[in-house]
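Thanks for asking for a second pair of eyes on this one.

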Amino acid sequence: MNTPPPWLTPRTAYVHVPFCAHHCGYCDFAVTVGQDQQIELYLDALAVELATLGAPQPMETLFIGGGTPTHLSPAQLERLLTTLCQWLPLPAGAEFSIESTPESITDEKCRVLAAHGLTRVSVGVQSFRPHLLKSLDRLHRVEHIPRAVEAVRKHIPSLSFDLIFAAPGATLADWTADLHDALRYGTDHLSTYGLTYEKGSPLWKQRFRGEVNPVTEDDELAMYETAIDVLSAAGFEHYEISNFARPGHRCRHNERYWANEAYHGVGVGAARYVNGAREMNVRNTNDYIRKVLSGESPTFQSERLEGGERAVETAVIQLRRCNGVDKIRFREQTGFAFDDLFGERLTAMISQGLLDDTGVSVKLTRRGKFVADGVIENLMASGGR
């Protein structure tokens with residue numbers, strides 16, 4: 001029997017847990033603060049939504065994000081993981097990840113995670129500088145970080161850090177120190193994100209009122225370049241625009257996203273991509289619980305891209321990978337030849353030194369990575385012609 005291709009039938013799944021002890025000023029995710037009394041009902045709703053799969057669906061990667069999933073108590077984590085392993089079982093060798101924060105992860109919680117096969121913990125460190133944690137409105141303190149690392153290392157095979165550069169008041173020296181501190185802790189993986197002022201977030205409002213000053217574009221570029229150079233020199237693979245890993249520690253779950261392959265999404269605000277259709281659940285936790293437990297679908301948005309539009313989307317997502325777009329795989333996945341799809345725009349960006357075409361693949365050059373958003377916008381403007 002032929003197995004459906006991974007861009008149609010999911011082999012990976014994301015589960016959203018929205019609860020947090022604190023809503024950080026820059027965050028625009030679907031989070032819920034001050035409603036811990038809803039956690040048990042939310043776990044009920046997750047189980048009901050998962051049951052709509054009809055039967056257990058074996059996955060190759062599973063990612064629990066948030067929010068702060070490790071804000072849950074050990075008993076609540078136990079309940080969540082038991083439900084997930086029932087409906088989304090993982091074979092030997094699968095990747096099972098969870099997001100955490102330095103103040104929320106404990107030895108007891110890590111024991112629960114390990115007992116259910118978690119292989120990877122991604123800790124939202126963001127910075128090791130106290131003044132930058134304050135400017136980012138983070139709840140944790142620097143002294144929480146070593147305790148979190150110790151707990152994860154004792155039980156879980158792979159440790160990842162999230163770091164944010166270009167926070168208000170940050171300098172290149174601050175960022176360089178953050179990178180070296182992350183290396184000192186021996187992390188296996190680093191996600192490095194330039195701060196984004198999401199419209200409507202508290203930090204965006206502060207910027208709008210002139211209460212914070214963004215880092216200049218030149219300084220932000222220097223920070224990104226420094227991340228590439230420091231982490232590459234330390235033996236990390238720069239495998240996606242914002243992500244670096246020691247050999248054997250790439251995030252396989254996120255690689256499925258960057259390949260534009262199918263995935264399940266469960267929980268409030270979760271997105272899914274199944275059989276060419278993209279859907280998103282409602283972003284309000286109370287609405288999600290009410291809808292699911294009353295037998296309604298939590299989906300509020302759905303779209304299906306066809307033909308050239310879907311091919312363009314696949315191309316710009318895959319270009320985020322440092323290996324770029326494999327032309328043969330791209331044609332198999334989309335039905336379009338990459339060169340024909342973008343024509344003169346592709347030729348122009350190659351001549352400008354922004355893209356490199358090996359004949360087998362097309363990828364961003366080092367210079368292209370610095371202006372990746374512009375390259376992607378240019379390709380998308382082609383409309384698949």
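1. Which residues does Glu261 touch, not counting residues up to four places away in sequence? This is a predicted model, and in it Glu261 touches Pro6, Trp7, Arg256, Tyr273 and Arg329. With Arg329 there is also a polar contact of 3.1 Å, joining the two side chains.

2. Where does Glu261 sit in the chain? Look in the loop between helix H9 (252–258) and strand S11 (264–266). Glu261 counts as buried because its relative accessible area is 8%, and the cut-off for buried is under 20%. Glu261 and Pro5 are 256 residues apart in sequence, yet their C-alpha atoms are 8.7 Å apart in space.

3. Now to the sheet. It is open and has 9 strands with mixed pairing, in the order S9-S10-S8-S7-S6-S5-S4-S1-S11. Strand S9 (237–240) and S11 are the edge strands, each pairing on one side only. From one strand to the next, the twist averages 20 degrees.

4. A closer look at one pair in that sheet: strand S8 (residues 189–194) and strand S10 (residues 243–245) are antiparallel, with 3 bridges between them. Ser191 stands opposite Asn243 in S10. Helix H5 (residues 144–155) packs on the sheet, where it touches strand S6 (120–126) and strand S7 (158–165). The direction of H5 makes about 150 degrees with that of S7.

5. Helix H8 (residues 217–233) passes a simple length check: at 1.5 Å a residue, its 17 residues should span 24 Å, and the end C-alpha atoms are 24 Å apart, so the two agree. Buried residues in H8 are Met223, Tyr224, Thr226, Ala227, Ile228, Val230 and Leu231. Their cover includes S7, helix H6 (172–184), S8, S9, S10 and helix H14 (366–370). After H8 comes Gly235, with a positive phi near 95 degrees.

6. In soluble globular proteins, nonpolar side chains tend to be buried together. Here the largest nonpolar core has 98 residues, and Leu88, Leu113, Phe161 and Tyr288 have the most contacts inside it. Apart from that core lies another, of 7 residues, including Tyr14, Tyr239, Cys251 and Ala270.

7. Leaving aside neighbours within four places in sequence, Leu113 is in contact with Leu77, Leu81, Ile98, Ile105, Leu118, Val121 and Ile156.

Definitions and conventions
Residues numbered from 1 in each chain as written. Predicted model: local features only at pLDDT ≥ 70, side-chain atom pairs only at ≥ 80, totals over all residues. Heavy atoms only, no water. Helix = DSSP H or I, 4+ residues; strand = E, 2+ residues; numbered from the N terminus. Buried < 20%, exposed > 50% of the residue type's maximum accessible area, 1.4 Å probe, protein only. Contact = heavy atoms within 4.5 Å. Polar contact = N/O pair within 3.5 Å; in protein donor to acceptor, adjacent residues only side chain to side chain. Core = buried A, V, L, I, M, F, W, Y, C linked by side-chain atoms within 4.5 Å. Pairing = 2+ DSSP bridges. Axes fitted to C-alpha atoms, helices over the stretch in contact; angles between N-to-C directions. Expected span 1.5 Å × (residues − 1).
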